[in-house]
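Please look over the sequence and the model before reading on.

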Amino acid sequence: MLGKAPGVGADMVFLDLEDAVAPLEKEAARDLIVKAINEQDWGETIVCVRVNAWDTEWTYRDVIHIVENASERLDELMLPKVQSAADVQALDMLLTQIEQATGRQSTVGIEAQIETARGLINVDEICAASPRLETIVFGPADFAASTEMPVLTGGVQIDDYPGDHFHYVFARILMAGRANGLQVIDGPFLKIRELDALRDYSMRTRILGYDGKWALHPDQVPVINEVFTPTQEQFDHAWDILDAYEKATTEGGAGERKGAVMFGDEMIDEASRKMALKFVSRGERAGMNRSA
Ligand code: GLV
Ligand code: MG
């Protein structure tokens with residue numbers, strides 16, 4: 001699995017020390033992860049390690065072992081079950097000392113998982129807790145356990161509920177993340193073989209404004225990449241809006257330049273330009289080009 005990770009087409013990969021590792025394997029897993037980071041060619045993939053949560057006995061050794069022994073190719077650590085800003089600050093302080101002691105050149109970033117009731121209540125302060133924080137991530141399986149939802153599968157649609165049982169949570173995390181300039185990422189979908197259901201469920205967070213979603217299996221990656229990348233039509237349409245708006249706001253003499261103008265049957269203005277820019281930058285990051 002570690003060997004395949006760089007080739008699956010994901011923008012970011014996290015190597016897990018937390019819930020995917022059996023307690024008796026935790027210590028041995030640290031060395032496997034260090035070896036994978038240092039010896040594999042990760043290309044452009046962002047490389048992250050998920051350490052254990054602060055309510056276990058493993059976290060401090062996870063952090064020290066990984067960051068002292070992994071090369072600069074390690075980009076970030078993910079902290080699960082974050083409950084308060086102090087959880088993030090504790091990791092930040094530990095990282096600062098390790099970076100000083102080892103002479104590491106690049107700063108290790110932090111991704112924080114919101115997956116408990118207390119974490120959600122404190123999501124605003126968590127998102128503002130450290131300049132190292134890059135990403136806020138929803139963890140639906142632990143969250144369902146924390147809130148005592150009567151479900152046995154994480155992150156899937158619950159047909160008995162008239163609506164989306166996570167809508168409030170998705171929106172709450174998104175607001176806190178965006179208000180603090182973070183990337184906002186949806187967590188796992190555990191029914192690995194149900195790719196149509198994955199596509200359908202991923203659209204919820206995509207439409208709300210999330211940046212991406214976890215994949216647990218290589219087969220999930222192309223579906224998620226498709227959902228979170230603009231279509232060619234959207235990308236071209238966004239470019240056309242930018243062009244039309246640029247023209248409207250700059251062409252002509254005094255009194256002729258317009259801040260609101262018709263674009264086909266629609267009015268566009270500065271807010272339309274901002275919406276269009278999001279599609280263009282997202283598409284460009286995914287390697288898209290404007291159609292001829
Ligand atoms: C992920 O960590 C989850 O609990 O859903
Ligand atoms: Mg979890």
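The sections below treat the ligand site, the metal site and the aromatic pairs of this predicted model.

## The site of ligand 1

The residues around ligand 1 are Arg 50, Gln 113, Glu 115, Gly 139, Pro 140, Ala 141, Asp 142, Pro 188 and Trp 214. By class, this shell consists of four nonpolar, two polar and three charged residues. Helix 6, which spans residues 140-147, gives the most to the shell, with three residues.

One is 3.1 Å from an N or O atom in the side chain of Arg 50, and for the side chain of Gln 113 the corresponding distance is 2.9 Å.

## The magnesium ion

Ligand 2 is a magnesium ion, coordinated by Glu 115 through OE and by Asp 142 through OD, at 2.1 to 2.2 Å. These two residues link distant parts of the chain, 27 residues apart: Glu 115 belongs to the loop between strand 4 (109-114) and helix 4 (117-121), whereas Asp 142 belongs to helix 6.

Glu 115 has a relative accessible area of 2% and is therefore buried. Asp 142, with a relative accessible area of 21%, is partly exposed.

## Aromatic pairs

The structure contains nine aromatic pairs. In one of them, the ring centres of Phe 14 and Trp 214 are 4.6 Å apart and the planes stand at 50°, so the pair is tilted. Because Phe 14 lies in strand 1 (residues 12-16) and Trp 214 in the loop between strand 7 (212-213) and helix 9 (220-227), this pair ties together parts 200 residues apart in sequence. Phe 14 is partly exposed at 22% relative accessibility, while Trp 214 is buried at 9%.

A second example joins Phe 170 and Tyr 210, whose ring centres are 6.0 Å apart with planes at 75°, so this pair is edge-to-face. Phe 170 is in helix 7 (residues 167-179) and Tyr 210 in the loop between helix 8 (195-208) and strand 7, so parts 40 residues apart in sequence are tied together. Phe 170 is buried, at 1% relative accessibility, and Tyr 210 is buried as well, at 0%. Both belong to a cluster linked by ring pairs, which includes Phe 138, Phe 143, Phe 166, Phe 189 and Tyr 201.

How values were computed
Residues are numbered from 1 along each chain as its sequence is written. Chains are lettered from A and ligands numbered from 1 in the order in which they are written. This is a predicted model: local features need pLDDT of at least 70, side-chain atom pairs count only at pLDDT 80 or more; totals for chains, interfaces and linings use all residues. Side-chain values use heavy atoms; hydrogens and water are left out. A residue is near a molecule or strand if one of its heavy atoms lies within 4 Å of it. A polar contact is a pair of N or O atoms within 3.5 Å; within protein, one must be able to donate a hydrogen and the other to accept it, and residues adjacent in sequence count only if both atoms are side-chain atoms. Helices (H or I, at least four residues) and strands (E, at least two) are DSSP runs, numbered from the N terminus. Ala, Val, Leu, Ile, Met, Phe, Trp, Tyr, Cys and Pro count as nonpolar, Asp, Glu, Lys and Arg as charged, and the others, Gly among them, as polar. Donors are N, O and S atoms within 2.8 Å of the metal (3.2 Å for Na, K and Ca); water is not among the atoms, so sites may look incomplete. Buried means under 20% relative accessible area, exposed over 50%, partly exposed in between (1.4 Å probe, protein chains only). Rings of Phe, Tyr and Trp (its six-membered ring) pair if their centres lie within 6.5 Å; planes under 30 degrees apart count as stacked, over 60 as edge-to-face and the rest as tilted.
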